[in-house]
Amino acid sequence: MFRVIAPLLACVLFFPVDASAADRQFGSCMDRAGGITSEMLGCISEAQERADARLSTTLDKAVRSVSPARRASLYEAQERWLAYRQAHCDFLADPEGGTAASLIAADCWLSLTEERVAFLDTLVDHSTVLLR
């Protein structure tokens, strides 16, 4: 029973609530997963692919919104952020943590990516003030 409840609890605690189409698609997938870890990981993987695509698109917009002198700095910051995301989420994938650890690590990747997209969106939206 705990093996079913723990992953579900992890999802409730770690997934942000938003009414976007991607979030509704993710929520629907998680509902269909029925608490089965492998199915839930599949849903998270699909959401990660969408989030990574948004990250790439948003980074491109941010790069175009900064002055040429700032582009190298933005690329360096992005590379360091990618390394941070990898290290941080790898740490959460505790081999002794069972299926809950795999869900938490997968959610880490997704959550951090969504946060980074939001941050880069803010930079683009305020580029005339923040990035010149």
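**View 1. Cys 89, a buried cysteine of the predicted model.** This is a predicted model. Cys 89 has a relative accessible area of 4%. That value falls under the 20% cut-off for buried, so Cys 89 counts as buried. A disulfide joins Cys 89 to Cys 108.

**View 2. The disulfide of Cys 89 and Cys 108.** The two sulfur atoms lie 2.1 Å apart. The torsion about the S-S bond is about -80 degrees, so this disulfide is left-handed. The pair links distant parts of the chain. Cys 89 sits in helix H4 (residues 68-92), and Cys 108 sits in helix H5 (residues 98-125). The two cysteines are 19 residues apart. Cys 108 is buried, at 7% relative accessible area.

**View 3. The disulfide of Cys 29 and Cys 43.** Here the sulfur atoms are 2.0 Å apart. The link is left-handed, with -85 degrees about the S-S bond. Cys 29 belongs to helix H2 (residues 21-33) and Cys 43 to helix H3 (residues 37-65), so the bond ties together parts that are 14 residues apart in sequence.

**View 4. Burial of Cys 29 and Cys 43.** Cys 29 has a relative accessible area of 12% and is buried. Cys 43 is buried too, with a value of 2%.

**View 5. Disulfide pattern of the protein chain.** The structure holds 2 disulfides. Counting bonded cysteines along the chain, the pattern is 1-2, 3-4. Another joins Cys 89 to Cys 108.

Technical notes
Residues are numbered from 1 along each chain as its sequence is written. This is a predicted model: local features need pLDDT of at least 70, side-chain atom pairs count only at pLDDT 80 or more; totals for chains, interfaces and linings use all residues. Side-chain values use heavy atoms; hydrogens and water are left out. A disulfide is a pair of cysteine sulfur atoms within 2.5 Å. Helices (H or I, at least four residues) and strands (E, at least two) are DSSP runs, numbered from the N terminus. Buried means under 20% relative accessible area, exposed over 50%, partly exposed in between (1.4 Å probe, protein chains only).
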